[in-house]
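Work through these exercises with the model open. Each task is followed by its solution.

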Amino acid sequence: MSVSVLFLGSIIIFCVQACSNNPATPAQKEDLQPFHAKTLPFRLPAIPDNLTVPGQRADYLALHYWDNFDFQDTTGITSPEKTEQILSDYIAILPYVSGQIVQASIFELLSQAEKEKSMFLFFNGLLEKYLYDPNSPFRDEEYYLHALRFIKASPTLDEIQKTRFTYQLKSVLKNRKGTKAADFTYTLYDGSMSRMYNVQSDYLLLFFNNPGCHACEEAQAKLEASPIISEAIKSNRLKILAVYPDEDLTEWKAHQSRIPTTWINGYDANQSIKDKELYDLRAIPSLYLLSKDKTVLVKDGTAEQVETLLESRMPG
């Protein structure tokens, strides 16, 4: 069994206790430390005994996780595997603490890394890989936003070195969860046009896709197979707007029969989505779930995330 699996198991036990609001027992207080200290090349911080509420202990662990990491030792940059393991275990803690603690924790990590420029660049890259890459299972743009804000304000890098991160910051801030989604015009097969904001429904799922895209076909199959999504469409609580954002319409037109007739299927004739960069389409497919007033509920999520949120909001 890998270190990460063991550590995640311990975190889950730890956070179940936190959710129960029961004080941790002496054994539970120490459950995070013995095996991890022996298996990783750094020691977890010793959590003070007077912190008996699991939530407080989780906060302390997140804030002090990197206390014993040697940021002056740059040998790990050439063989980053161990450091990546430590980082992935760290990210696994973050869902169990408040947003304020997450920000303070990420700021503390980068503040320590900043003392050695090569190490700062190294951790910037790791955080980008784990929190921003569309294919990362740890992807979380809200976490990465904290890192980007720190990097932008850091005097360690010049403006040229910050260029990529500045662009990413602009992208992350676009159509964030809790904000109003950018409107756009779409065109149907018959040439008629409408605006996304004109689609009236309790929920609207934007499905940016390309014909012949294997990942798009997989996502579509999951959406079609979901009883929750099917019922939401049937009850008129959900509408799905499939949007082709590219120029070549030959394949799109040939692909019409593969899109469910219960969905709205359109394309961006004006190319405004790409030209104006209205949406971050680094990876296709891209799914956005919007509320009735077009507030973003799920940004660039998965079919499973959409299904889970809809299930939590549908009447018993």
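**Exercise 1: A charged pair across the chain**

At 22% relative accessibility, R139 counts as partly exposed. The model is a predicted one.

Task: find the salt-bridge partner of R139 and state where the two residues lie.

Step 1. R139 pairs with D300, and their closest N and O atoms are 2.8 Å apart.
Step 2. R139 sits in the loop between helix 7 and helix 8, and D300 in strand 7 (residues 296-301), so the bridge ties together parts 161 residues apart in sequence.
Step 3. D300 has a relative accessible area of 14%. Buried means under 20%, so D300 is buried.

**Exercise 2: A second pair**

Task: determine which residue E141 bridges to, and whether E141 is buried or exposed.

Step 1. E141 forms a salt bridge with R282; the closest N and O atoms are 3.5 Å apart.
Step 2. E141 belongs to helix 8, while R282 is in the loop between helix 13 (272-275) and strand 6 (286-291), 141 residues apart.
Step 3. E141 is buried at 11% relative accessibility. R282 is partly exposed at 35%.
Step 4. Both pairs belong to a salt-bridge network of R139, E141, D280, R282, K299 and D300.

Notes. Residues numbered from 1 in each chain as written. Predicted model: local features only at pLDDT ≥ 70, side-chain atom pairs only at ≥ 80, totals over all residues. Heavy atoms only, no water. Salt bridge = Lys/Arg side-chain N within 4 Å of Asp/Glu carboxyl O. Helix = DSSP H or I, 4+ residues; strand = E, 2+ residues; numbered from the N terminus. Buried < 20%, exposed > 50% of the residue type's maximum accessible area, 1.4 Å probe, protein only.
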